[in-house]
Amino acid sequence: MEPTDPLLTALAAQRLLPVLRSPSADAAVDRTRQLLDAGCRVVELTTSTPDWDRALARLVAEGRGLIGVGTLSTGEQAARAVEAGAAFLVTPFPAPQVREVATASGVTLVEGGYTPGEIAEAAGRGPAKVFPAHVGGPRFLSSLRAVLPGAVLIPTGGISVDEASAYLEAGAWAVGIGSGLPDEPAALARLFTATG
């Protein structure tokens, strides 16, 4: 798949997708700003963060990067994300209600799945999140790539920064990282320079 979507273009360059599960909206905003300052172009907030939609709206108003929302499972959550300005939506598993909102609003959906059937269906519509990726590891991703050569696959879940390169070598478009990103600004900048 050619990266014509702004999200896919940015992820193709960035290779790592920070997935933030923050203790508060303020913490999510602060961490996202740190990531953007370090050269990150795409950040995924999650609905596990209290007042995530407020954090999203604040970040969108700043006009920096592509900020999306993950861990979406209902149409109501998806509608709130779109209203707050989400650049993309992410689900952990097949979520028809979220898909409907994404289609109606024209916002890119990264739909989750784990089985080959779920991932093939999601990949037939757009980028697919392979979750939880750590269960099958890079070899599972490589097997999926063999039968879905044109798919945009974004493995997420239980992957450390050090393990990301193995998933990229196995054919990941980008790798979702939920924890373990460095806090020190220079180390963050090196990470996104190295992967970009």
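R15 sits in the loop between α1 (6-14) and β1 (16-20). Helices (H or I, at least four residues) and strands (E, at least two) are DSSP runs, numbered from the N terminus. R15 is not a glycine, yet its phi is positive, about 70°. D51, in the loop between β2 (42-46) and α3 (52-62), also is not a glycine and has a positive phi, about 55°. Most residues other than glycine have a negative phi, and most peptide bonds are trans.

The model is predicted: local features need pLDDT of at least 70, side-chain atom pairs count only at pLDDT 80 or more, and totals for chains, interfaces and linings use all residues. Residues are numbered from 1 along each chain as its sequence is written, and side-chain values use heavy atoms, with hydrogens and water left out.

Both residues can be set out by accessibility. Buried means under 20% relative accessible area, exposed over 50%, and partly exposed in between (1.4 Å probe, protein chains only).

| Residue | Relative accessible area | Class |
|---|---|---|
| R15 | 23% | partly exposed |
| D51 | 45% | partly exposed |

The peptide bond from F131 to P132 is cis, with omega near -5°. P132 lies in the loop between β6 (128-130) and α7 (133-147).

Now the whole chain. The protein has nine helices and eight strands. Its C-alpha trace spans about 40 × 40 × 30 Å along the principal axes. Of the 196 residues, 49% are buried. Take contacts (heavy atoms within 4.5 Å) between residues at least 6 apart in sequence: 54% join residues at least 24 apart.

Where is the lining of the largest pocket nearest its centre? T108, L109, R125, G126 and P127 lie there, among 13 lining residues. α5 (96-105) and β5 (108-113) are the elements that give two or more residues to this lining. A pocket is an open set of points on a 1 Å grid over the protein atoms alone, where a 1.4 Å probe fits, with protein on both sides within 12 Å along at least five of seven lines; lining residues have an atom within 4 Å of a point. The volume of the largest pocket is about 210 Å³, counted as the space filled by probe spheres set on the points.
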